Amino acid sequence: MCSGDIRITNPVRMYEYMEFKSLTIKTFHDGLAQKEFSAKEAMKVFYGAIETDDKKYGAYVRLLKDSAFLQAEHVDRMVAAGEKVHAL
């Protein structure tokens, strides 16, 4: 396993992480716009992976989880209102 790989012990989280990790930026954007998942769901999956794996690597100096949550809520409101979500 290379150092960039993330090991997640919860099998549901692992599935979700692998699903998101396999998306290109365009397919992620399209999935978000088509309400296949929410920005908050994606944020929770990626932050879960970071929190699990960073204990081992200590690679993240500063995480702005509160700010990311507010931004995710904003994007979700835009999607719900039918507004165009610009490039992420």
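How many helices and strands does the secondary structure of the protein come to? The answer is four helices and zero strands, where helices are DSSP runs of H or I with at least four residues, strands are E runs of at least two, and numbering goes from the N terminus.

## Getting started

This is a predicted model, in which local features need pLDDT of at least 70 and side-chain atom pairs count only at pLDDT 80 or more, while totals for chains, interfaces and linings use all residues. Residues are numbered from 1 along each chain as its sequence is written, and side-chain values use heavy atoms, with hydrogens and water left out.

Starting at the N terminus, the elements follow the order α-α-α-α. Of the 88 residues in the protein, 31% are buried (buried means under 20% relative accessible area, exposed over 50%, partly exposed in between, with a 1.4 Å probe and protein chains only). Take the contacts (heavy atoms within 4.5 Å) between residues at least 6 apart in sequence: 61% of them join residues at least 24 apart.

## The nonpolar core

The largest nonpolar core has 17 residues. Such a core is a set of buried Ala, Val, Leu, Ile, Met, Phe, Trp, Tyr and Cys residues joined through side-chain atoms within 4.5 Å. Phe 20, Phe 28, Leu 32, Val 75 and Val 85 touch the most other members. At least two residues each come from α1 (11–21), α2 (25–33), α3 and α4, and α3 gives the most, with six.

## One side of α2

In α2, the buried residues are Phe 28, His 29, Gly 31 and Leu 32. They sit on the same side of α2, because their arc around the axis is only 165 degrees (taken from the directions from the helix axis to the C-beta atoms). Just after α2 comes Lys 35, with a positive phi of about 60 degrees.

## Where α3 meets α4

Helix α3 (residues 39–57) packs against helix α4 (residues 65–80) at an angle of about 155 degrees, and their axes are 8 Å apart. The axes are lines fitted to C-alpha atoms over the stretch in contact, and angles run from 0 to 180 degrees between N-to-C directions. The two helices are therefore roughly antiparallel, a label for angles over 145 degrees.

On the α3 side, the contact is made by Ala 39, Lys 40, Met 43, Tyr 47 and Glu 51; on the α4 side, by Lys 65, Ala 68, Phe 69, Ala 72, Glu 73, Val 75 and Asp 76. These divide into seven nonpolar, no polar and five charged residues (Ala, Val, Leu, Ile, Met, Phe, Trp, Tyr, Cys and Pro count as nonpolar, Asp, Glu, Lys and Arg as charged, and the others, Gly among them, as polar).

Technical notes: Angles under 35 degrees count as roughly parallel, over 145 as roughly antiparallel, 65 to 115 as roughly perpendicular and the rest as oblique.
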